[in-house]
Amino acid sequence: MVKLKQNIKTIIFGTDTKAGKLFDEILIATILISIITVFIDSISTYSKQYGNILYFAEWVFTIIFTIEYLLRIYCIRIPSSYIFSFYGI
């Protein structure tokens, strides 16, 4: 279990590792796609036509970001130090 926590921490917070860089790139891409989805959903024409798909996509992004947040809390030695930090809020 300790090894798993350390591996997750290395991937999430280790920006100098190959896995950490890949995680950051995927996270940034996911954030951008999420923003684009919200923008598209705000246009009534697209919202009417693709509303169900966009609604589903927004929930998928919410779940992904929730899992990422929970993993960050899980792998930190003192979870409250992350939860109440600038990045945690």
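The buried residues of helix 3 are Gly-51, Leu-54, Ala-57, Phe-61, Glu-68, Arg-72, Ile-73 and Cys-75. I start with that list because this is a predicted model, and I would like to go through what sits against those residues. The cover over them includes helix 1, which is residues 2-13, along with helix 2 and helix 4, the latter being residues 79-83.

Helix 3 has a kink of about 85°, and the kink is centred on Tyr-50.

Next, the packing. Two packed helices are described by the angle between their axes and the distance between the axes. I will give both values for each pair.

Take helix 2 and helix 3 to begin with. Helix 2 covers residues 18-42 and helix 3 covers residues 44-75. Their axes are 8 Å apart, at an angle of about 150°. An angle over 145 degrees counts as roughly antiparallel, so helix 2 is roughly antiparallel to helix 3. The crossing of these two is left-handed.

Which residues make the contact? On the helix 2 side they are Phe-23, Leu-27, Thr-30, Ile-31, Ile-33, Ser-34, Thr-37, Val-38, Ile-40, Asp-41 and Ser-42. On the helix 3 side they are Ser-44, Tyr-46, Ser-47, Leu-54, Ala-57, Glu-58, Phe-61, Ile-64, Phe-65, Glu-68 and Arg-72. Sorted by class, this contact of helix 2 with helix 3 has 12 nonpolar, six polar and four charged residues.

Is Glu-68 buried or exposed? Its relative accessible area is 15%, and the cut-off for buried is under 20%, so Glu-68 is buried. Setting aside neighbours within four places in sequence, Glu-68 is in contact with Phe-23 and Leu-27. Phe-23 and Leu-27 are both on the helix 2 side of the contact.

Now helix 1 against helix 3. The two axes come within 9 Å and cross at roughly 125°. That angle makes helix 1 oblique to helix 3. Helix 1 passes helix 3 in a left-handed crossing. From helix 1, the residues are Leu-4, Lys-5, Ile-8, Lys-9, Ile-12 and Phe-13, and they meet Leu-71, Arg-72, Tyr-74 and Cys-75 of helix 3. By class, the contact of helix 1 with helix 3 has seven nonpolar, no polar and three charged residues.

The remaining pair I will cover is helix 1 with helix 2. Their axes come within 6 Å and cross at roughly 60°. Helix 1 is therefore oblique to helix 2. Thr-10, Ile-11 and Ile-12 of helix 1 meet Ala-19, Gly-20, Phe-23 and Asp-24 of helix 2. This contact of helix 1 with helix 2 divides into four nonpolar, two polar and one charged.

Finally, Asp-24, which is found in helix 2. Asp-24 has a relative accessibility of 22% and so counts as partly exposed. Leaving out residues up to four places away in sequence, Asp-24 touches Ile-12 and Thr-15. How far apart are Asp-24 and Ile-8, in sequence and in space? They are 16 residues apart in sequence and 13 Å apart in space, C-alpha to C-alpha.

How values were computed: Residues are numbered from 1 along each chain as its sequence is written. This is a predicted model: local features need pLDDT of at least 70, side-chain atom pairs count only at pLDDT 80 or more; totals for chains, interfaces and linings use all residues. Side-chain values use heavy atoms; hydrogens and water are left out. Axes are lines fitted to C-alpha atoms, for helices over the stretch in contact, and angles run from 0 to 180 degrees between N-to-C directions. Helices (H or I, at least four residues) and strands (E, at least two) are DSSP runs, numbered from the N terminus. Angles under 35 degrees count as roughly parallel, over 145 as roughly antiparallel, 65 to 115 as roughly perpendicular and the rest as oblique. A crossing is left-handed if the near helix is turned anticlockwise from the far one by less than a right angle, and right-handed if clockwise. Contact means heavy atoms within 4.5 Å. Ala, Val, Leu, Ile, Met, Phe, Trp, Tyr, Cys and Pro count as nonpolar, Asp, Glu, Lys and Arg as charged, and the others, Gly among them, as polar. Buried means under 20% relative accessible area, exposed over 50%, partly exposed in between (1.4 Å probe, protein chains only). The bend at a residue is the angle between axes fitted to the seven residues ending there and the seven starting there.
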